[in-house]
Amino acid sequence: MGRHQAGSRSVGAILRVVGLVLAVGLVAGAGWYALHRENGSQDGASCATTLRVITASSFTTVVSAAGRELRTGPDCVLLDVTTADGRPAAGQLSQLSADVWIPDDAAWATIAPPGLLVATDKDNPAKRDTGAGETLATSPIYMVTDGPTANKIKAGEGGGWLSLAGLLDNKNSGVRLVVRDPSLSGDGLVAAGAVGEAVWLKQGMDASSLALNSTLAATRTVNHDLAATPDVAGEVGLVPEYALLPIMNLAQNRTYLAGADNTALMRYTWLPSASAARDPERVAALQKLLAAFKSAAVRDAMNVAGLRAPGGPRPKFEGGDTLPEPTAKPFDVLQAHHVQHVFATWDPEDRRSNLLIAVDIAGATTGSGGSTPSGGPAGKQPPIEVLKAGCRVVGDLMPVGSRLGLWEISPGQPGGYRKLLPTDRLDDTSRAAFTRSVSTLTTHKAGAGLLDTIVAGYQSVRDDWHDDMFNQVFILTDDANKDSANAQAVATMVQKLKDLQDEERPVTISIVVLGKKDAADRLKAALATLGAGTYVDNAQSAEDVQAAFIHVVAGGLHE
């Protein structure tokens with residue numbers, strides 16, 4: 001095909017062709033390597049050690065180059081390489097008794113089975129012996145779009161990822177996202193995570209959950225192509241450099257942005273298994289393999305794969321200089337909570353929870369345009385209506401098979417609350433019942449009940465604990481009775497919660513106080529003594545309340 005003809009094709013079509021060619025090449029190469037080894041080649045037939053390696057598809061050729069470096073000489077090492085990406089790769093670790101995992105980003109370590117990988121704490125001797133956590137290669141992610149859309153991004157706040165998040169949240173912006181499935185590749189996880197991270201850094205984790213939820217509504221998720229390239233005006237594809245470089249000399253009419261506020265960076269990471277770290281012979285072989293990635297031959301393979309050595313320059317490809325050089329500080333590696341936000345946004349099954357919601361609102365408002373109760377979230381809607389809307393969002397987003405209940409704090413009732421809907425398995429019937437129960441939520445006169453309800457709700461979820469989902473109590477209160485200021489009552493509540501704690505049945509408590517930061521601060525300080533599993537925040541607006549509900553749907557975890 002002549003260059004003129006190739007240039008007339010869309011970038012997406014070109015990348016799909018390149019993807020097929022690369023896929024065929026990888027399969028063919030892997031097949032040749034396996035056959036070559038089975039036939040008993042001289043350079044490897046007598047190797048005493050074989051390392052089992054799991055690596056990302058975009059890094060397979062690099063690992064193969066390292067294998068060629070190691071399979072000669074008196075202390076040779078053979079590699080048994082399995083290619084697997086994303087969440088499925090984590091599932092392969094124990095099944096294949098892998099010695100080392102080299103995923104396409106360090107964030108994947110957060111989903112590995114507990115204790116399977118060498119801990120990357122700096123004082124861990126096994127980390128020092130095996131090099132656990134070392135970055136072997138990197139690839140920045142670019143926003144790929146048309147000129148007018150690029151100008152919108154550059155004109156927004158930060159001129160990068162935060163601006164993109166704002167445009168995706170604006171239904172009238174005309175901007176849509178294209179991203180690979182975050183559960184299946186670092187391309188997708190790091191890219192989607194960058195949108196959430198930009199908001200998290202500026203506005204906090206609840207707002208980040210809400211932003212990701214808005215982003216999904218304006219996203220085309222790619223499951224089958226090499227890269228998430230835009231097809232029409234207004235689409236912004238998030239594509240790693242390694243996928244762009246091979247076709248830069250063919251691509252036309254595209255604008256590339258690296259992100260002026262932060263750089264989204266994939267980090268190919270060395271993650272040895274804990275079992276291998278306990279075997280001196282395997283540790284010695286792992287050290288040789290790790291050293292091989294710094295050899296000239298393997299660095300050449302990285303360049304051919306379009307990957308950068310850590311801190312190194314962009315690989316040289318024809319037309320590659322068209323891409324802007326990323327200069328902004330890279331986002332940190334996504335931590336477990338952040339990864340869960342992304343997964344829960346894209347996959348309903350990651351929203352599976354055993355959730356009890358308890359609502360505590362006193363007073364009344366004048367309605368649209370009127371004033372709110374003292375301390376209530378600012379806005380035209382009465383707080384009770386804001387909470388009803390948030391409850392309905394939770395009911396809609398949680399998948400079938402979750403468990404959902406609704407209590408209303410009601411002073412004067414036994415225990416200080418009434419069960420509008422006992423916690424039950426969520427299906428079409430119970431979802432409809434939940435929606436009807438939400439409609440009956442009302443305000444009440446200020447009175448005691450909040451603290452006792454927190455304890456009763458915690459005990460209810462603990463006693464109905466399920467090991468296949470998050471177990472949570474979510475309390476929304478305006479603290480009209482000023483329970484948070486009763487230090488003795490709060491201390492009594494905390495002690496009761498401590499007595500109920502069960503390491504085998506952990507329950508998360510999330511409390512959102514409407515409008516009263518001082519009340520939230522008091523409860524947060526008191527509940528901090530419970531250790532992990534508590535989260536208290538203050539909501540100053542209807543958007544804050546909505547964000548809190550979305551965060552709970554995403555698992556309700558906290559830093």
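Helices (H or I, at least four residues) and strands (E, at least two) are DSSP runs, numbered from the N terminus. The model is predicted: local features need pLDDT of at least 70, side-chain atom pairs count only at pLDDT 80 or more, and totals for chains, interfaces and linings use all residues. Residue numbers start from 1 along each chain as its sequence is written, and side-chain values use heavy atoms, leaving out hydrogens and water.

**Exercise 1.** Locate the salt bridge between aspartate 521 and lysine 517.

*Solution.* 
- Apply the criterion: a side-chain nitrogen of Lys or Arg within 4 Å of a carboxyl oxygen of Asp or Glu.
- The N to O distance here is 3.0 Å.
- Both residues lie in helix 19 (residues 517–527). They are four residues apart, about one turn of the helix.
- Check accessibility: buried means under 20% relative accessible area, exposed over 50%, partly exposed in between (1.4 Å probe, protein chains only).
- Aspartate 521, at 38%, is partly exposed.

**Exercise 2.** Describe the salt bridge of arginine 403 with aspartate 464.

*Solution.* 
- The closest N and O atoms are 2.9 Å apart.
- Arginine 403 sits in strand 12 (residues 403–409). Aspartate 464 is in the loop between helix 17 (450–463) and strand 14.
- The pair links distant parts of the chain, 61 residues apart.
- Arginine 403 is buried at 15%; aspartate 464 is partly exposed at 24%.
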